[in-house]
Amino acid sequence: MKFAWIDLRTVPAEHREAVVDAAIHARVDGIVDSDPERLALLPNTVKRVLAPGGRVGEDAPEDLIVLREVVDVDSLGVLENLHRGGEKDTAAWVNVVDDPTLKLACDAARELPFTVVEFKDPTKIPLEIVIAAADASPGQLICQAADIEEAQIIVDVLEKGSEGVLVAPRSANDVFALVEMLRVKTPDLQLQTLTVESIEHLGLGDRVCIDTCTHFEKDEGMLVGSYAHGFVLCVSETHPLPYMPTRPFRINAGALHSYVFGADNRTNYLSELKAGSPVLAVGADGRTRRIVVGRIKLESRPLLGIKAVSPEGVEVSLIVQDDWHVRVLGPGAAVLNVTELKKGDQLLGHVATDKRHVGWPVGEFCVEK
């Protein structure tokens, strides 16, 4: 779980109280300020972090984290000695402007409990280097972000990002948006074993391939179905096929009317997806991750209808391209060619209890068949 530190120093005075209340309510990990008296008023449910240059008074909280600016090897050595001497929350602030300060940031991230880095240049290459350097370190790396959008980029760098982000919010809404962005949004799904009831050749129709910006694992795919209450796990083209190269980024998903199961328990029609749309990759063990559509490829092809049933008797329907190279996953991540399916075969799928309106779950009466 990524965490957020809120920087109060540039928050307008008229918004400061609301920002602090929002940070405490949203359980932000830490609040940074140059005024130790304001920090002393904060509850101990949040880390109180004194910005570089702030003066530590006699009545400062015992658990106050003091950020000290690291500008050269000597100033880093001072902090390393403090940490070795027993200061458990030694914290550095490094402004990366060139190669020497980049090396300082890497060394601090490896050696100290907390390292805050800011970068002069917009490229994320220096951040990648610091993240890699600190990968095996028990300390926590916090990267300064200009806004929520940059914070999102930072937490995705090298697929892991820094542990924390430091943002100066403009209002309380920014605090809530930051915390929401950092929250894990793709919980595991419970997959079920579905039993094939029938296979039917349907003739010509429009089917959709989803080309994503992600390399799928061999046991990953996407949940697709004709009904909002039931989905089959369609596998990616990661597995070798005769006559054509693999497309490890592609799901040959189904007819254009089909639902695809996405994040936040929402569905989309395949016909609604486009470049940049967020979708959900799903593993055979139920794990999920958010991925992004690179393009949608819609073409007319012969279609095949698959009807299956869950152990509870829920009927699931999937219409896909009628071709041997289109595949779905079975129990144990078995790769099954759709044209070879027969009654009694088992597939992996997901059964939802919700009905849907414009993709969102609703508690209403609805019959799909």
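The talk below takes the labels one at a time.

Mentor: The model is predicted: local features need pLDDT of at least 70, side-chain atom pairs count only at pLDDT 80 or more, and totals for chains, interfaces and linings use all residues. Residues are numbered from 1 along each chain as its sequence is written, and side-chain values use heavy atoms, with hydrogens and water left out.

Trainee: How many helices and strands does the chain have, and what makes a stretch count as one?

Mentor: The chain has seven helices and 22 strands. Both are DSSP runs numbered from the N terminus, a helix being H or I with at least four residues and a strand E with at least two. The C-alpha trace spans about 80 × 45 × 30 Å along its principal axes.

Trainee: Is Thr90 called buried or exposed, and why?

Mentor: Buried means under 20% relative accessible area, exposed over 50%, and partly exposed in between, with a 1.4 Å probe and protein chains only. Thr90 has a relative accessible area of 0%, so Thr90 is buried. Of the 369 residues of the chain, 49% count as buried.

Trainee: Where does Thr90 lie, and which residues does Thr90 touch?

Mentor: Thr90 lies in the loop between helix H3 (73–84) and strand S5 (91–96). Contact means heavy atoms within 4.5 Å. Not counting residues up to four places away in sequence, Thr90 touches Leu79, Leu82, His83, Leu112, Pro113 and Phe114.

Trainee: What makes the pair of Glu87 and Thr90 a polar contact?

Mentor: A polar contact is a pair of N or O atoms within 3.5 Å; within protein, one must be able to donate a hydrogen and the other to accept it, and residues adjacent in sequence count only if both atoms are side-chain atoms. The backbone oxygen of Glu87 lies 2.9 Å from a polar atom of the side chain of Thr90. That distance of 2.9 Å is therefore within the 3.5 Å limit.

Trainee: What is the class of Arg27, and of Ala333?

Mentor: Arg27 has 71% relative accessibility, so Arg27 counts as exposed. Ala333 has 22%, so Ala333 counts as partly exposed. Arg27 lies in the loop between helix H1 (13–25) and strand S2 (30–33), while Ala333 lies in the loop between strand S18 (327–330) and strand S19 (334–337).

Trainee: What is the phi of Arg27, and of Ala333?

Mentor: Most residues other than glycine have a negative phi. Arg27 is not a glycine, yet has a positive phi of about 60 degrees. Ala333, also other than glycine, has a positive phi near 65 degrees.

Trainee: Why is Leu182 called buried?

Mentor: Leu182 has 8% relative accessibility, so Leu182 counts as buried. Leu182 is found in helix H7, whose buried residues also include Ala172, Asp174 and Val175. The buried residues of H7 pack against strand S1 (3–7), H1, H6 and S8. Leu182 and Val155 are 27 residues apart in sequence, with 8.1 Å between their C-alpha atoms.

Trainee: How do you know that S9 and S20 pair?

Mentor: Two strands pair if DSSP finds at least two bridges between them. Four bridges join strand S9 (residues 192–212) to S20, and the two run antiparallel; Thr193 stands opposite Leu348 in S20. S11 and S20 also pair in the antiparallel sense, over three bridges, and the bridge partner of Val232 in S20 is Gly349.

Trainee: What makes S20 mostly covered?

Mentor: Five of the six residues of strand S20 (residues 346–351) are buried.

Trainee: How many cavities of 30 Å³ or more are there, and what makes a space a cavity?

Mentor: The structure holds two. On a 1 Å grid over the protein atoms alone, a cavity is a set of points where a 1.4 Å probe fits but cannot get out; lining residues have an atom within 4 Å of a point. Grid points are joined across faces, edges and corners, and a volume is the space filled by probe spheres set on the points. The largest cavity has a volume of about 40 Å³. Its lining is Val235, Ser236, Glu237, Asn252, His325, Val326 and Arg327. Strand S11 (residues 230–237) gives the most to that lining, with three residues.

Definitions and conventions: On a 1 Å grid over the protein atoms alone, a cavity is a set of points where a 1.4 Å probe fits but cannot get out, and a pocket is an open set with protein on both sides within 12 Å along at least five of seven lines; lining residues have an atom within 4 Å of a point.
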